[in-house]
Amino acid sequence: MRQLLLFISIIFVGLLFIARLFYLQVYQGNTNNLYEDNAIRKVYDYPKRGFVYDRNGKLLVSNQPSYDVMVIPNEVKPLDTLEFCSLLKITKDQFKNTYEKAWRYSPRLPYVFLPQLSKEDYAILQEKMRKFEGFYIQKRSLRNYETTIGANVIGDIGEVNQRIINNNPYYKMGDLIGMQGIEASYEKTLRGVKGIKFIQKDRFNRDIGPYKDGKFDTLPESGKDIKTTIDATLQAYGEVLMQNKRGGIIAIEPATGEILSMVSAPTYNPNLLVGRDRSKNFTKLFRDTIAKPLFNRSLQGVYEPGSPFKLMNALVALQEGVISTEERITCYTGYRYGNRFMKCHCRSGKQNNMIDGIQESCNAYFATIYRRILDKPGDASVGIDIWSNHVKSFGLGNFLNNDLYVGQKGRIPDREYYRGIYPNTFYSTYTISNSIGQGEVATTPIQLANMVAAIANRGFYYTPHIIKEIKGETIDPNFTTPKYTSIDKRHFEPVVEGMHNVYKNGTAKYVQVPEIEICGKTGTVENFVRIDGVRTQLTDHSIFVAFAPKDDPKIAIAVFVENGYFGSRFAGKIASLMIEKYIKGETTRKDLENWILSHSLENEYAKPYSGEPFKINRGTTLQVISQEEVNELKKQLAKLDK
Amino acid sequence: MFRETDRHFKFDWVTIILFLLLVGFGWLNIVSASHVGVEVDYFDFSQPYGKQLAFIGLTILLIIFILSIEARFYERFSSVIYLISMLSLVGIFFFGKTVNGATSWYGIGGMTIQPSEFAKAATALAVAKYISDLNTDLKTFKDQLNILVILAIPAILILLQNDTGSTLVYVAFFFVLYREGLPKVYLSLGVALALISISALKFGEVITSIATVLILILNHFSKKKKPSILQPILIAIASIALAFSVNFFYDTILQQHQKDRISLWLRLEKDPAKIESMRRDILYNLYESEKAISSGGLTGRGFLEGTRTTGKFVPEQHTDYIFSTVGEEWGFLGSTFVVVVFVLLLLRVLRLAELQKSQFSRVYGYAVASIIFFHFLINIGMVMGLIPTIGIPLPFFSYGGSGLWGFTILLFIFIKLDSNRINEW
């Protein structure tokens, strides 16, 4: 039996080793993924990010070099912290904190120790970097905004966060990604594809040469330049006009759906979100919950459309044949339904046909035709769905599916929507506010501008978009195929005529522009906020939609000025100025321009926060800004004309 | 005429083929572990793999030489061989050269020779000779003591050269002595010694002492024929004394790096942060070698494709840690192949040893199997983290001329002895 001891030991050890190998290699073994192999250094080669131009080839966004100090904690050797900190202009505590964070993130992976050095700091540091083992400088390219306009259009880029890295393995710690605007929606086009080099390391972390002779290395692919549909001059002009106001301007070229300008006020200088102060400035903008500069009002602002929506009701009524263009409806300073009354500013007994109805914005007229539309099938439940479908064919009440990074659906109600409020009976009078664009309908400025573009085109629209050209690529066909509304072409002419009369004789008589036939519609929208739990009415929003010229539309526009009171008071003036600027390239109505520049609504915006009772609408006084400030704005305008 | 040709082919070819497999595969892995850059010039004799190729070439000559000597020579001159070998170990203290902290080499021209690698074969011959003497009886204390002296001389000389790994190899002779009649009590003693030492370090002296006493009491009362009560009491006192002296030995005699290795192996340290830093510093080799083996997966990355091997992440990878190269580049399948070939070789030698008619050949064969087995156990067990780090080469695999020749001499003397078994005296 003594022979067996060694024999059994050999067999036992053999089996034990195989079991251990199985545990190490099969059970615990990892796949041969080059990216996860820490014997291979991955060196990324970042391509140039694409430039952004305006529709006329003016450069809006370019690049500037930037330098990040990176650290790989377990390669760090004892160093002269004092010297290092003073070179980086940080305190010793900051050094310690960041270093600990880096270590916690991973001792083996590169961590951004200090992002985005200035060129001057880099020049000094570069010389001394060799002394600090474990630290190195990674060159990146940052955005350089050539102008201060269009922060909300262009957006910005920022460092990827852990969530993005987890969702998309392309991005690595410290990479930059488009965060808002065009930068975000055209991220893939602009960024290109980064190249990678695999380098074999030895155990002292020294590079000993390309892995497999560079067989798996890839070259970077440059980002593509983008030409946007924005007209830089018009955009800048709109931004100056909207100074000291809140709201949005959207201008579209009806023949193509191209967005000419997209102003959201207040705006900010896009250069604030570049470089080391990005997060500080971003937080500041983000925390401003009163003016909300990051909130893109032209895309995200959902408002009741007010009177411009009457155009929709006119079109639906004609399509449904519930009224002829000539039929006159008498207005008794309002519209009575049941025991309720909707006021109108027409003189009592005025008889309006369709053109008059639009020109005078007669509430009684539109209440009448709205009820006829809903009652036509004999059941308002059916009627409202017919109405809703017509309205939705203009792109209202839904996302436009465009290439803008943010958006809102707005709301065009149908029977299903009202089921919650009126489960059983449903009569046309229940929703009468919809006839004048209030009540349950809600739209965003871009949807209204698109609606106007469809009217200008007499029945179709192109999805509004911001992309004009990408080198070597065709534009998404969604943006180049017309979308037809459910209204026949012939029904548009009377509505266009009515809008033309708005300018000639109606509510926009005083904002006419010589030699340009503009068709427009004013809007004045009641709005409320809760102050200390009390529903309080504020000064009405001033709204204006228009297109011009009447017979060969070049521009369709929607202007929205919060608490600007009646439509032609602020919005109408701005719309006229924008139209003239775009079509003629100059401004002849200097009086309108001066008025807009010298008036501010900041006093209106302060009211709800004042804690005191305040007057609205007719009771308000206009705030005039100082002459120096006006001169400052005029200087900005003068720059544009150069 | 027929008999003449027959003589050349009665060597055990199974053993020889297994030997060639190990040497050949070992060399491929030395290429992987030591090549620099992309192109491999297999005959670049300035590189370890080129040198090893030359060593292998010389080994063939050595084999022919060993096999062509009369088998009787080895038995007759075993004492002389042992004596010369011991003198070469003593000579180290006067002419030796220090490499990696161990003074175990002679420098001759550009080459270095490590006499301790040859001392194993010489000692095996001496032990075989002594045991096969008709007057020897391992049951007697005198013979046990003499054998101990034969083993202790090389062991102590090598220990003094600061080469702990090679010293421990002489423990392998226990298998030989046990097979040849060493009383069973020594096996029990060895096992008890190991268990009590580990238990005392891991669980403390008190628990170990109580457990030992309990086991002895149970053992005493479960036996039908009660022996005298004195024996278990003496054993208990000895055990308790051992348990209490282990920690003293651990604290005062062992060097810090040895303590750390044992501490990590037995998980004596509780603070996770400290364990992590110890793993990264003291056990750096093991840490990297386990990772290299893991990264091989089932089928491995392929010859010269291992990134951790190419990057030289595992220190000493072409010598003691050569098995981690097998792990990374050949995966579970390749590693298992190596383990299986070793096991087959060991079992083959063991079987041949049992078949020997002369006790000298049998004892020697047993010694060969025991020594190779001990190296196999310690080296691969260490590389995979199963036992504490002990620097010892993997036979036929690890880089180094002395090692390769030492093991070749060890094995092929036995092949020669075995070839004589049928028609011998």
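How many bridges pair strand 1 of chain A with strand 8 of chain A, and in which sense? Select residues 195-201 of chain A for strand 8: strand 1 and strand 8 pair in the antiparallel sense over 6 bridges. (Two strands pair if DSSP finds at least two bridges between them; helices, H or I with at least four residues, and strands, E with at least two, are DSSP runs numbered from the N terminus.) Click on Tyr44(A) and you'll find its bridge partner, Ile196(A), in strand 8 of chain A.

Before going on, a word on the source: this is a predicted model, where local features need pLDDT of at least 70 and side-chain atom pairs count only at pLDDT 80 or more, while totals for chains, interfaces and linings use all residues. Residues are numbered from 1 along each chain as its sequence is written, with chains lettered from A and ligands numbered from 1 in the order in which they are written.

Now show the whole sheet: it's open, with 3 strands of chain A in the order 1-8-9 and antiparallel pairing. Strand 1 (40-45) and strand 9 (207-210) of chain A are at the edges with a single partner strand each, so one side of each has no neighbour in the sheet.

Next, bring in chain B. The contact (C-beta atoms, placed from the backbone, within 7 Å) takes 31 residues from chain A and 38 from chain B. On chain B's side, select helix 17 (322-355), one of the elements giving two or more residues; helix 17 of chain B supplies the largest share, 11 residues.

Key: Two residues are in contact if their C-beta atoms, placed from the backbone, lie within 7 Å.
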